[in-house]
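Please look through the sequence and the structure shown below, and then read the briefing that follows with both of them in view.

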Amino acid sequence: MAMTQEGGVQYEPVAEIGGGAYGTVYKARDTQSGQFVALKSVRVQTDQEGLPLSTVREVALLKRLEQFDHPNIVKLMDVCATLRTDQETKVTLVFEHVDQDLKTYLEKAPAPGLPVSRIKDLMQQLLCGLSFLHSNRVLHRDLKPENILVTSRGQVKLADFGLARIYSCHMALTPVVVTLWYRSPEVLLQSTYATPVDIWSTGCIFAEMFRRKPLFCGESEVDQLTKIFSVIGLPSEEEWPTDVTLSRRNFSPQSPQPITDYVPELREDGADLLLKMLTFDPLRRISALKAQEHRFFSEHTGNS
Amino acid sequence: MAHVEVPSLLERHAARRTFPMLARTKVCRSLFGPVDHEELNREMKQKLQEISERERSRWNFNFENNSPLPGNYEWEEVGARCVPDFYRDSGRCGVKPRTALINHVKVESAECAGENAEPEVVRPAAEVNQENRSGALNGTPTCARKKRRSRSVQESPRSSSTQITDFFPKRKRSAESSSIPVEITPRKRIRW
């Protein structure tokens, strides 16, 4: 395009150089506000009709959510599209920059692990962000410690939701296998699903906050389900979804194990909340809103 | 012309659609006299340039060639490992996605071939997932559940042949599927 003539002829396009496994990220500090931003680019294939409408719609949705300025959602400051070729448009998303994600945060936590009060706070914020998304009819669908950002002040910010349509080609291309560890049984079984999938993931993350290692580390869909059933028990035939190809008979009968065997740090109220999140039937699984009201959060830190 | 405030993506999309549509239809109603394509093209390019310019000066960053410019924002290029995974570029969408995707599907199928009688099923589920975001927009899980089921039933015939009934629900459901038939075919192929 015409723009290139003025600005950066002396620069090489970084995307081409850094197209390898690691690459680089552009990050900036606003010298006036001190705020940090970071760029994330997605290259979208276009035809003569321009950008796929799904991408346009997804961006519009993200922009609409942005107007609420929710404290537990990562800020999307701008979306800039540049035509690269006739077949490709680069969409650059300008996000607020947060230094670390929950994964790093948990890794850095000193030996005995996070104090329960800290876990409560993190969980409350996580659920608050999730309630917001769900009440705006947005599913996260890929909630995991890597896309939950934690600011230096301990503020939780959900990231990477609503981008599925934009990234879909990227996700399929990533050499790294997309993690199954936080996936709900209905997703693993390829059944229909809705907001409860995020609650399942939140449950797994809740357990991980105590354990500082993931709860279910499956290597395939079936392995993941097997690991899940070894803890929550094999669901009854009535509970098994009817619209799936994978039969219940593929799994050996299991009775539910005490959840405290896996998360010994849990007290009664925490265990109750966790089990409500890790309920097999998505319709009976606790909602984000209800989880926020759970007694786990109302009791004093001292006795939990 | 006056739509300066319209998000750049939408504007670009609308602008780029004008020409192919005219080219395809043989009979056009000329409501506003003949179209000066040259002029329209020029104006569109100018508008796009204005938008890029605005974005560029807002962030003092040249988004076209990824280069920082002097200004309020102090830009630095950091290794992707120094920032949370989330910020890493999803930059490979444009590179032969079809072949690459097919490869991926193969890998995935192979992975669960031992356990799953129908490894192919892996992909449709992902597809359902892709769309479920908007499907789930309609309230309770119960209703989403029913919806999804009817949708996937409709989807399978659509990919192979077009039935007359497809047009009505399709049009109702989303502008995307009805207005861009071109997009559907490659997408189908990609996901499977």
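Is A:Val222 buried or exposed? A:Val222 is buried, because its relative accessible area is 15%, where buried means under 20% relative accessible area, exposed over 50%, and partly exposed in between (1.4 Å probe, protein chains only). This is a predicted model, in which local features need pLDDT of at least 70 and side-chain atom pairs count only at pLDDT 80 or more, while totals for chains, interfaces and linings use all residues. Residues are numbered from 1 along each chain as its sequence is written, chains are lettered from A and ligands numbered from 1 in the order in which they are written, and side-chain values use heavy atoms, with hydrogens and water left out.

**Surroundings of A:Val222**
- A:Val222 lies in helix 8 (residues 221-232) of chain A; helices (H or I, at least four residues) and strands (E, at least two) are DSSP runs, numbered from the N terminus.
- Its C-alpha atom is separated by 7.7 Å from that of A:Leu188, which is 34 residues apart from A:Val222 along the chain.

**Salt bridges**
- Over all chains the count comes to 18 salt bridges, each being a side-chain nitrogen of Lys or Arg within 4 Å of a carboxyl oxygen of Asp or Glu.
- A:Arg43 forms a salt bridge with A:Glu88, with the closest N and O atoms 3.6 Å apart.
- That pair links distant parts of the chain, 45 residues apart, with A:Arg43 in strand 2 (residues 36-45) and A:Glu88 in strand 4 (residues 88-96) of chain A, and both residues are buried.
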